[in-house]
Amino acid sequence: MSKSEQLFAEARQVIPGGVNSPVRAFRAVGGTPLFIERAEGAYLYDVDEKRYIDYVQSWGPMILGHAQPEVIDAVTEQVQSGLSFGAPTELETELAEELCRLWPNMDLVRFVSSGTEATMSAIRLARGYTGRDKIVKFEGCYHGHSDSLLVKAGSGALTMGVPSSPGVPAALADHTITLSYNDAEGVRRCFDEIGDQIACIIVEPVAGNMNCIPPVPGFLETLREVCDQHGALLILDEVMSGFRVSLTGAQGHYGIEADLTTLGKVIGGGMPVGAFGGKREIMEQIAPLGPIYQAGTLAGNPVASVAGLETLRQVQEPGLYDQLSARTERLVEGVLAAAKEAGIPLTANRAGSMFGFFFTEEPQVSNYQQVMACDTDRFNRFFHGMLEQGVYLAPASYEAGFMSAAHSEADIEETIEAAKKVFATLD
Ligand code: PMP
């Protein structure tokens with residue numbers, strides 16, 4: 001029995017399913033999750049002392065790679081001064097200044113401790129600001145596990161087969177309208193019918209929770225247009241795509257104006273941080289300035305703030321995003337070429353340092369139905385083959401992959417070689 005198997009058995013005695021977030025349990029791909037001992041740069045080391053090239057990167061935050069020395073130094077220094085005060089610090093203002101300076105349409109920003117809180121709070125704000133209850137989301141997009149948003153959601157909710165979770169009151173789910181991602185006409189029809197009841201649209205501007213699905217031209221533009229026409233707010237959920245697709249996320253990359261933006265992952269450099277921010281007149285409705293309540297004991301945590309500040313300092317170094325994009329492209333092209341050589345039908349999507357592979361004959365995958373029609377059995381065998389070769393991919397075919405600045409060209413070539421070997425074993 002491996003040490004991971006042993007620890008997993010122990011964990012299941014005291015933690016539901018042995019994990020604190022469902023996708024970690026390897027339910028989709030089968031087998032035992034790796035228990036991690038430590039991580040450095042592009043690599044994870046499990047408790048059985050095996051090294052893996054990591055393309056999960058803690059599901060996105062570790063854009064500089066794991067245990068990046070300056071980030072670790074900043075955190076180590078900060079912890080000497082105390083872990084949490086529940087009172088304002090200069091650090092959280094500095095992080096907020098950085099976000100407001102960099103991001104278009106962000107006049108004010110409020111920190112929370114997770115992406116779930118960021119989107120949940122942004123939805124409440126949109127409802128309070130507009131005085132409307134209905135919200136629009138898209139099938140296969142995941143915005144965390146709050147009640148209003150756990151309807152036809154992506155990520156673990158897809159893997160576990162619970163697109164709508166028990167425990168979400170039907171009366172609340174009724175207010176959540178789910179439309180098809182990348183279907184601009186469907187959005188127009190919905191707004192023509194009930195546009196005056198809709199508080200907001202929330203969308204992943206690059207979907208990263210049904211594998212990786214970039215927006216088709218015109219889709220995001222249509223969302224902006226119908227929101228303007230009908231007095232609804234547009235919330236761009238950039239928890240994943242923020243500081244990933246570009247320095248200013250998908251909204252900078254595609255030139256789309258958000259009323260509210262949610263962030264997480266990279267802005268905390270691996271510490272628990274989320275944020276929602278946007279236009280001043282909307283954000284001023286949040287307590288204590290306005291009547292819409294939202295709060296957090298650990299929000300703006302000083303240790304998390306320094307990890308975020310140091311991470312954001314480094315991602316602004318010239319050339320970083322070009323390098324990340326080039327490396328991601330090399331990986332995607334190399335794996336696609338290896339699949340072609342082996343006669344395995346494979347398609348890929350990429351947006352900045354996010355990527356996804358699809359086991360399908362379709363030349364392009366741009367919606368939820370196409371994702372669901374992919375060969376998951378083949379993906380699962382690919383996943384385990386890669387794991388055996390020392391490459392750690394997300395343990396489900398519905399998740400995006402991530403490149404970090406620590407992945408070297410040699411790591412990428414090693415990954416492509418591993419894929420060649422694994423493709424040769426797939427029929
Ligand atoms: N929004 C998006 C786009 C996400 O990808 C995620 C998490 N993967 C969340 C919200 C929820 O974030 P958290 O898991 O930190 O609650």
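How many nonpolar, polar and charged residues does the shell around the ligand have? The shell has 4 nonpolar, 11 polar and 2 charged residues. Here Ala, Val, Leu, Ile, Met, Phe, Trp, Tyr, Cys and Pro count as nonpolar, Asp, Glu, Lys and Arg as charged, and the others, Gly among them, as polar.

Before going further, note that this is a predicted model: local features need pLDDT of at least 70, side-chain atom pairs count only at pLDDT 80 or more, and totals for chains, interfaces and linings use all residues. Residue numbers start from 1 along each chain, following its sequence as written. Helices (H or I, at least four residues) and strands (E, at least two) are DSSP runs, numbered from the N terminus.

**Around the ligand**

- The ligand is surrounded by 17 residues, and the closest are Ser114, Gly115, Thr116, Gly144 and Val239; a residue counts as near if its C-beta atom, placed from the backbone, lies within 6 Å of the molecule.
- Helix 4 supplies the largest share of this shell, with 3 residues.

- An open sheet is built from 7 strands in the order 4-10-9-8-7-5-6, with mixed pairing; two strands pair if DSSP finds at least two bridges between them.
- Strand 4 (108–112) and strand 6 (176–179) sit at the edges with a single partner strand each, so one side of each is left without a neighbour in the sheet.
- From one strand to the next, the twist averages 20 degrees.
- Helix 4 (residues 115–130) packs on this sheet and touches strand 4, strand 5 (134–138), strand 7, strand 8, strand 9 (260–263) and strand 10 (274–278); contact means that the C-beta atoms of two residues, placed from the backbone, lie within 7 Å.
- The direction of helix 4 makes about 165 degrees with that of strand 9; axes are lines fitted to C-alpha atoms, for helices over the stretch in contact, and angles run from 0 to 180 degrees between N-to-C directions.
- Helix 7 (residues 184–194) also packs on the sheet, touching strand 5, strand 6 and strand 7, and its direction makes about 150 degrees with that of strand 6.
- Strand 7 (residues 198–203) and strand 8 (residues 233–237) run parallel and are joined by 4 bridges; Ile201 has Leu234 of strand 8 as its bridge partner.
- Strand 4 runs antiparallel to strand 10, with 5 bridges between them, and Phe111 stands opposite Ala275 in strand 10.
- In strand 4, 4 of the 5 residues are buried, so the strand is largely enclosed by the rest of the structure; buried means that 20 or more other C-beta atoms lie within 10 Å of a residue's own, exposed means 12 or fewer, and partly exposed is in between, with C-beta atoms placed from the backbone.

- Strand 12 and strand 14 are joined by 2 bridges, and Met354 has Phe402 of strand 14 as its bridge partner.
- With 23 residues (320–342), helix 12 reaches 33 Å from its first C-alpha to its last, close to the 33 Å expected; the expected span is 1.5 Å times one less than the number of residues.
- Among the buried residues of helix 12 are Tyr321, Leu324 and Leu331, and the buried set packs against strand 11 (347–351), strand 12 (354–358) and helix 15 (409–423).

**Loop residues worth a click**

- Met210 lies in the loop between strand 7 and helix 8 (219–230) and is buried, with 28 other C-beta atoms within 10 Å.
- Ser58 isn't a glycine, but its phi is positive at about 55 degrees; Ser58 is partly exposed, with 17 other C-beta atoms within 10 Å.
- Phe243 isn't a glycine either, and its phi is positive at about 60 degrees; Phe243 is buried, with 28 other C-beta atoms within 10 Å.
- Ala287 and Pro288 are joined by a cis peptide bond with omega of about 10 degrees, and Pro288 lies in the loop between helix 10 (280–283) and helix 11 (302–315).
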